[in-house]
Amino acid sequence: MRRILHMDMDAFFAAVEELRHPELRGKPVVIGGDGDPSKRGVVSTANYEARKYGIHSAMPLRTAYRLCPHVVFLPVHYREYARVSRIIKDILKERGSAMEDVGIDEAFLDISENPGSAEEIAREIKDSINRATGLTCSIGIAPNKLLAKLASDMRKPDGLTVIRPGEVGRVLDPLPVRKLWGVGPKSEGHLGKLGIRTVGEIRAAPLEFLVEHFGESYGRYLHRASRGIDESPLVTEWKRKSMSREETFERDILQWQGIARHLAALCREVAEDMREEGVKGCTVTVKVRFGNFKTQTRSLTLPEPVRGVEALRRAAFQCLGRFDLAGRPVRLLGVRVSRLEEA
Ligand code: TTP
Ligand code: MG
């Protein structure tokens, strides 16, 4: 049984500013843009005091001011947040578990092999982060990434939530569909028109119905996600890298056949590299540099990771088809596979 931990800092930018300016404690604070609501700009984050007025990330600063004129507005000091973020990530890395670095204030850890109960491990991490930075975070622990991320969001701020395999239905069913990773405002609208507002209602829908309305890949995803099923691996740092080959030609190539031959050869080389490294990857990118040094790329992300030369070549030629090659000599050609995972 896998045990995945998700950590998310509470009101991160605002919390760092409150540390730097203790006089802000207890006041509603908004971080965003130049910190001047009369200028253009959006809210990066609001502390929990300010959220009580309905202020949230991505809202125009002007709107935030209208909702609560006595909010304290501060500009974004990104370098300071990045510095604190590094301290937090180092604490997580020190534990020696595989880590996926998700964003400035978020990470997944695979704690399947760690001794101790989920609660003990989470407490230790929360305490270490708090001692080192003075900040609080929320932690979720569950059998996979999908559920761990949901769990960390359930009791914010300073939360600790464990979802055990037997509780998945009870926890997921009442949640609004938007809480599921991968359900944005568009899908939420589409689901709503079909009378589906909660995760439980997605779960009650037959697979065929979901596939009919959302397509094969996303329909299947919804079917699985609504049951709390997610086998996606952690994307740790080494897996983040890509495998690529490129070739600069002695003479620019104008003939499509020539370009196609070189592209096929590059695909064979990349596929061979991937086989040796034991990896597969979802995103295929083709790079073309033209005779005038103008460089363009076209990418394709596949629902299933590619590994063998055949699948890679098919994807690469789809990318090639999206360049306007007519009458333009090609100087360099490259193929890259990224979003790698273990094969
Ligand atoms: P979040 O973790 O989404 O938000 P948060 O940490 O401020 O609050 P919560 O307690 O709900 O986790 O994002 C982390 C930081 O990323 C946030 O402090 C500011 C920044 N951010 C933006 O700049 N723009 C955005 O739209 C969002 C969502 C976040
Ligand atoms: Mg956060």
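Modeller: The model is predicted, so local features need pLDDT of at least 70, side-chain atom pairs count only at pLDDT 80 or more, and totals for chains, interfaces and linings use all residues. Residues are numbered from 1 along each chain as its sequence is written, chains are lettered from A and ligands numbered from 1 in the order written, and side-chain values use heavy atoms, without hydrogens and water.

Colleague: Why is Ala151 called buried?

Modeller: Buried means under 20% relative accessible area, exposed over 50%, partly exposed in between, with a 1.4 Å probe and protein chains only. Ala151 has 0% relative accessibility, so Ala151 counts as buried. Ala151 lies in helix α6. Helices here are DSSP runs of H or I with at least four residues, strands are E runs of at least two, and both are numbered from the N terminus.

Colleague: What does Ala151 touch, leaving out residues up to four places away in sequence?

Modeller: Ile139, Gly140, Ile141, Thr161 and Ile163. Contact means heavy atoms within 4.5 Å.

Colleague: What makes the site of the magnesium ion (ligand 2) octahedral?

Modeller: Six donors count as octahedral if opposite donors are over 155 degrees apart and all others between 65 and 115. The six donor atoms here make angles of 82 to 178 degrees, and the site is classed as octahedral.

Colleague: Which donors come from the protein?

Modeller: Asp8 (OD), Met9 (O) and Asp105 (OD), at 2.0 to 2.2 Å from the magnesium ion (ligand 2). Donors are N, O and S atoms within 2.8 Å of the metal (3.2 Å for Na, K and Ca); water is not among the atoms, so sites may look incomplete. Along the chain the donors follow the spacing D-M-x95-D. Asp8 and Met9 are both buried.

Colleague: What makes a set of residues a nonpolar core?

Modeller: The members are buried Ala, Val, Leu, Ile, Met, Phe, Trp, Tyr and Cys residues, joined through side-chain atoms within 4.5 Å. The largest such core has 33 residues, and Leu5, Met7 and Phe12 have the most contacts inside it. Among the elements that each supply at least two of its residues are β1 (4-9), α1 (12-20) and α5 (118-133).

Colleague: Which residues does Leu5 contact, beyond its neighbours within four places in sequence?

Modeller: Among them are Ala107, Phe108, Ile121, Ile139 and Ala148.

Colleague: How much of the protein is buried?

Modeller: Of its 343 residues, 45% count as buried. The protein has 14 helices and twelve strands.

Note on methods. Four donors count as tetrahedral if all angles lie between 85 and 135 degrees; four count as square planar and six as octahedral if opposite donors are over 155 degrees apart and all others between 65 and 115; anything else is irregular.
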